[in-house]
Amino acid sequence: MRYSKAWEVLRPEGHLAFWAAVHVFPEDGDRFFIEIQDVYDEIGGSWPAESPRPRPGELEDQREEIEASGMFRTIDVCHFDWEQTYDADGYIDLLETFSGHITMEHWQRDRLYGEIRRRLEQRPHPNLRRHWGGVFHIARRQD
């Protein structure tokens with residue numbers, strides 16, 4: 001089970017804390033992510049149509065999963081949303097940390113990253129705004 005190892009290494013009444021952050025899409029978000037999809041389509045790396053595009057504050061939490069494990073009791077769950085501005089180099093550096101981009105062929109990354117640079121250079125301010133959402137969980141070990 002997913003929580004077994006954490007339960008084993010924590011002292012009785014010990015706390016488990018974890019979080020995850022993902023791309024969220026506010027109504028007034030940067031259109032760059034929609035506009036660049038044609039390049040992802042061209043290189044065979046498009047966003048699956050069935051993939052959710054959550055809005056800020058709409059991310060699912062693992063409260064039910066934590067409780068169902070029988071190993072932990074949820075103490076708190078907090079949602080965080082923030083906006084980060086990237087220039088082309090900063091955004092490409094971020095993409096280089098994502099498994100889907102790491103596993104791309106060189107020609108795919110070259111095409112995508114070149115187009116990101118070109119499109120951002122055409123903007124009045126050559127930056128993009130990416131919105132992040134995160135869910136932070138705190139749970140206490142049950143004995």
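Okay, let's start at Glu 27: its relative accessibility is 72%, so it counts as exposed. Buried here means under 20% relative accessible area, exposed means over 50%, and partly exposed is in between, using a 1.4 Å probe and protein chains only. Before I go on: this is a predicted model, where local features need pLDDT of at least 70 and side-chain atom pairs count only at pLDDT 80 or more, while totals for chains, interfaces and linings use all residues. Residues are numbered from 1 along each chain as its sequence is written, and side-chain values use heavy atoms, with hydrogens and water left out.

So who does Glu 27 pair up with? Arg 55, in a salt bridge whose closest N and O atoms are 3.7 Å apart. They sit in distant parts of the chain, 28 residues apart: Glu 27 in the loop between strand S1 (15-24) and helix H2 (32-35), Arg 55 in the loop between helix H3 (37-43) and helix H4 (63-69). By salt bridge I mean a side-chain nitrogen of Lys or Arg within 4 Å of a carboxyl oxygen of Asp or Glu. Helices (H or I, at least four residues) and strands (E, at least two) are DSSP runs, numbered from the N terminus. Arg 55 itself is partly exposed, at 32%.

How many salt bridges are there by this rule? The count is 14.

Another one joins Arg 129 and Glu 83, at 3.1 Å from N to O. That pair is 46 residues apart, with Arg 129 in strand S3 (residues 127-141) and Glu 83 in strand S2 (residues 72-87). Both are partly exposed: Arg 129 has a relative accessible area of 28%, and Glu 83 has 42%.

Now over to helix H7. Arg 111 and Glu 115 make a salt bridge at 3.0 Å. They're four residues apart in H7 (residues 106-121), so about one helical turn separates them. Is Glu 115 buried or exposed? Buried, at 6%, whereas Arg 111 is partly exposed at 31%.

Three strands form an open, antiparallel sheet in the order S1-S3-S2; strands pair if DSSP finds at least two bridges between them. S1 and S2 are the edge strands, each pairing on one side only. Between S2 and S3 there are 15 bridges, and Thr 74 stands opposite Ala 139 in S3.
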